[in-house]
Amino acid sequence: MSIKSPPALVVGIDGSRDGLIALAWAVRYAGRRGLTLRAVHVVDDDRPSPPAPPAAYDDGSGEIEEAAAELTRLGFRDATGEVRHGHPATTLLELASESGSVLVIGRRGLGGFAELVIGSTSQVCAALSTGTLVVVPDEWDPEASPKGRVVVGVDGSADCQAALGFAFDTAALEEAELEAVHAANVPESYPPPDLWMDPEQQPWIPHAKILVAESLAGWREKYPGVDVRTRCTGEHPVRALAAESAEADLVVVGGRGRTQFSPLLLGSVARGLLHHSKCPVAVVHHETRVAA
């Protein structure tokens, strides 16, 4: 009976500094889990040509060579590099979805992976709804020591459970503390705290604490070695999680959450956080299979 090998981690490279930073994060992630790494550069043949055409056709070989040199510098050998043709966002998402792996990209990059970040097309949104996307900001320093802290957004949804699984798995492997944050987004018209005899007993707080406790049910028992902290705040989720990201190694959120009013399948909190987080962000959907 053959043993199925774990999926290769897919990382998008585009010749930019952001792409190399994403590659460095992917190396750290893959190394901890014993995964192979698949560095992919997508040549968009439909992209409009610049006013002054280059002397030679860009076949993507330069990006692959640059990635190979970076992998050698990082001392990571279990990796492959490949060039694909097509729409960058769609192609990368399809490759990750087919193999059931996590997709890692830089936040900006020269190739304009904006479609992956803001979910601007229905095709990309549909692909995003099937797996996990990790977006690495250019502020992340590959040479810095880990902070030993993973933050996960909690809202009681199905995607929240998937996010908790990814967050606990990461915290356990990284031997990091896990902080579960619920941001209630209390309206500005809500009575101020000083109107209550006990500011810690405002009506929204007990409900928030119950939601967090119910969401975490079973996870502490499954990961007894993970130190878990919880926090409830009345702030907007994007603001609260972005603030937490300054002192975290990773922020994990569900892809859609409880409020699905957005016409895009990538939820409004996830989209906002991808733009403002100071550390890598993992956007997890409930269909995701966590690779351990």
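Visitor: How many residues of H1 are buried?

Guide: Buried means under 20% relative accessible area, exposed over 50%, and partly exposed in between (1.4 Å probe, protein chains only). In H1, 12 of the 17 residues are buried, so the helix is largely enclosed by the rest of the structure. Among the buried ones are Trp25, Tyr29 and Arg33. We'll come back to those three. Keep in mind that this is a predicted model, where local features need pLDDT of at least 70 and side-chain atom pairs count only at pLDDT 80 or more, while totals for chains, interfaces and linings use all residues. Residues are numbered from 1 along each chain as its sequence is written, and side-chain values use heavy atoms, leaving out hydrogens and water.

Visitor: Where does H1 run, and what follows it?

Guide: Helices (H or I, at least four residues) and strands (E, at least two) are DSSP runs, numbered from the N terminus. H1 covers residues 17-33. After H1 comes Gly34, with a positive phi near 70°.

Visitor: How do I read the aromatic pairs, and how many are there?

Guide: Rings of Phe, Tyr and Trp (its six-membered ring) pair if their centres lie within 6.5 Å; planes under 30 degrees apart are stacked, over 60 edge-to-face, and the rest tilted. That gives 5 aromatic pairs here. Take Trp25 and Tyr29: their ring centres are 5.2 Å apart and their planes at 25°, so this pair is stacked. Trp25 and Tyr29 are 4 residues apart in H1, which means about one helical turn separates them.

Visitor: What sits over the ring of Tyr29?

Guide: A charge sits over a ring if NZ of Lys or CZ of Arg is within 6 Å of the ring centre and within 35 degrees of the ring normal. For Tyr29, the charged end of Arg33 does this, 3.6 Å from the ring centre.

Visitor: Which salt bridge does Arg33 form?

Guide: Side chains of opposite charge can pair when their charged atoms come close. The rule wants a side-chain nitrogen of Lys or Arg within 4 Å of a carboxyl oxygen of Asp or Glu, and the count is 12 salt bridges. Arg33 pairs with Asp169, with the closest N and O atoms 3.9 Å apart. This links H1 to H6 across 136 residues, and both Arg33 and Asp169 are buried. Arg32 is partly exposed at 46% relative accessibility, and Glu174 is partly exposed at 24%.

Visitor: How far can I trust the model in different places?

Guide: Look at pLDDT, the predictor's confidence in each residue, from 0 to 100. The protein chain averages 80, and 75% of its residues score at least 70. Strand E6 (residues 149-153) has the highest confidence at 97, while helix H5 (residues 122-128) has the lowest, with a mean of 40. Where pLDDT is low, the predicted coordinates should not be read in detail.

Technical notes: The expected span of a helix is 1.5 Å times one less than its number of residues.
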